[in-house]
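Subject: Handover of a structure and the findings in it

Dear colleague,

I am handing over to you the structure shown below. Please look through it before you read the notes that follow.

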Amino acid sequence: MNRQDTKTAEFLARIDAASDDLIALTQDLIQIPTLNPPGENYLQICEYLARRLAGRGFAIEMVRAYGTPGDSDKYPRWNVVARREGPRAGDCVHFNSHIDVVDVGQGWTYDPFGGELADGKIYGRGACDMKGGLATSIIAVEAFIDSWPDYSGAIEISGTADEETGGFGGVAYLAEKGFFTPERVQHVIIPEPLNKDRVCLGHRGVWWAEIETHGHIAHGSMPFLGDCAVRHMGAVMEEMEASLFPALALKRTDMPIVPEGAKQSTLNINSIHGGQKEQDDDFDGLPSPVVPDSCKMIIDRRFLLEENIDDVRQEMLDVLDKVQSEREKFRYDIRDMHEVLPTMTDKKAPVVATVSRAIEQVLEKSPEYVVSPGTYDQKHIDRIGRMKNCIAYGPGILDLAHQPDEYIAVQDMIDSAKVMGLALAELLTDQGA
Ligand SMILES: [Zn+2]
């Protein structure tokens, strides 16, 4: 064995030896219930991370995203950014994990905030999405620092708020404050649960819009004196079925999106409502007889790298204009609600190539390259931070995210920690993987 092989072997043994620490860290993180909404215990989990990383020589910045959606004195949007400089100049590698978890829901057989270990799996809300990934990156970085204390450049670990609700009080805020810029950070790894042998390059685009059809209110016994907005919306939906959905099904992408069904453009009708407001369950009276003068539909359109957002919008406008040409009194409004452009990191980007080599070394197989059907915080790092050298890579099975009895397998975390550490060795030391 030469000196480098010895170092690598020593590092891999350190990760194996850190198994109990990794389990305890994951359990501690799960036991802080950071439900979002509303955004509970963000300060508590950031302080926990700050204490641990300050103890390992990291400089800590606690950042509250004042004024972002949901931020209040009751539910402040706290983030933590920890940075540790090596003794020599070089690149900065940043591990970004979101600290929030989604609602628990029904059907659990384990305590959602217990962090119970059973058969090599740790159970709890956020176990795979993504407190397990956060714990993995911390263990990887700590073992890396112990093995290569003279590394060049810097390592950052952040715990950020609100990914599940758009990331505005988290990564978007930090990017606006200059935490993600090509000058400060050169490589970003987001340990979302994409499976330990897959590298996620990016995600599809999103366009949400609200469409409203207008009518004219009248007595329900004489609908001919009014104009029913719900029937107008029905005509819109018929036209969508006839022309839009079939057209979307034909748009296929070269992006390696998983699952297979998301390799085309998709559109979900998120909600539809027309006429009187629905009454509360405890109200047992009758509605009044009126013709609806308004109907609103919210659409969630997911689009591909090959598509342009203006064309995506225009397709919907074409549907509405066609209906307008066929229905005399048809009037509508359309309002943009939210948009995210698709993004995909080049396979040749340094962080992709490095993590791929580390996967080959640890798992003895070639990595699979994937693209996510939905967005995650990479969108802000790309658009606001202008950082293209970014991937999602972390342990855990994506399908378990947001499910009851969510878990993370300890062995997957160990393997992923080895991959992350060897990637650091390639990026921040003169040791090739
Ligand atoms: Zn996540």
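The notes below go from the whole chain to its parts and then to single residues.

First, the conventions. Residues are numbered from 1 along each chain as its sequence is written. The model is a predicted one, in which local features need pLDDT of at least 70 and side-chain atom pairs count only at pLDDT 80 or more, while totals for chains, interfaces and linings use all residues.

**Overall picture**

The protein has 10 helices and 16 strands. Both are DSSP runs numbered from the N terminus, helices being H or I with at least four residues and strands being E with at least two. Along the principal axes, the C-alpha atoms fill a box of roughly 90 × 45 × 40 Å. Of the 433 residues, 45% are buried. A residue is called buried if 20 or more other C-beta atoms lie within 10 Å of its own, exposed if 12 or fewer do, and partly exposed in between, with C-beta atoms placed from the backbone. Contacts between residues at least 6 apart in sequence join residues at least 24 apart in 81% of cases. Here, two residues are in contact if their C-beta atoms, placed from the backbone, lie within 7 Å.

**Two domains**

How is the protein divided? Domain 1 covers 3–203 + 342–428, and domain 2 covers 205–278 + 285–340. These bounds come from an automatic or database domain assignment. Taken over C-alpha atoms, the centres of the two domains are 38 Å apart. Eight residues of domain 1 are in contact with 12 residues of domain 2. On the domain 1 side, strand E14 (residues 368–372) gives the most, with three residues. That side has six nonpolar, one polar and one charged residues. In this classification, Ala, Val, Leu, Ile, Met, Phe, Trp, Tyr, Cys and Pro count as nonpolar, Asp, Glu, Lys and Arg as charged, and the others, Gly among them, as polar.

**A sheet of four strands**

Four strands form an open sheet in the order E10-E11-E9-E12, with antiparallel pairing. Its edge strands, each pairing on one side only, are E10 (266–274) and E12 (331–340). Two strands are said to pair if DSSP finds at least two bridges between them. On average, neighbouring strands of this sheet are turned by 15 degrees against each other, direction ignored. Strand E9 (residues 205–214) and strand E11 (residues 294–303) run antiparallel and are joined by 10 bridges. In E11, Ser294 is the bridge partner of His214.

Which helices accompany these strands? Helix H6 (residues 229–250) lies across E9, E10 and E11, and runs at about 175 degrees to E10. Helix H7 (residues 309–326) packs on the sheet and touches E9, E11 and E12, its direction making about 25 degrees with that of E9. Axes are lines fitted to C-alpha atoms, for helices over the stretch in contact, and angles run from 0 to 180 degrees between N-to-C directions.**A pair of helices**

The axes of helix H1 (residues 3–17) and helix H10 (residues 410–428) come within 10 Å and cross at roughly 145 degrees. In this contact, Phe11, Leu12, Ile15 and Asp16 of H1 meet Ile414, Ala417, Lys418 and Gly421 of H10. By class, the contact has five nonpolar, one polar and two charged residues.

**Single residues**

Two cis peptide bonds may be noted. The bond from Pro37 to Pro38 is cis, with omega near 5 degrees, and Pro38 is placed in the loop between helix H2 (19–30) and helix H3 (42–54). The bond from Asp129 to Met130 is also cis, with omega near -5 degrees, and Met130 is placed in helix H4 (residues 127–147).

Asp162 has a phi near 65 degrees, a positive value in a residue other than glycine. Is Asp162 buried or exposed? Asp162 counts as buried because there are 28 C-beta neighbours inside 10 Å.

Leu201 lies in strand E8 (residues 198–203). Leu201 is buried, with 23 other C-beta atoms within 10 Å. Not counting residues up to four places away in sequence, Leu201 touches Met344, Thr345, Lys347, Val352, Tyr369, Val371 and Ile391.

Yours sincerely,
A colleague
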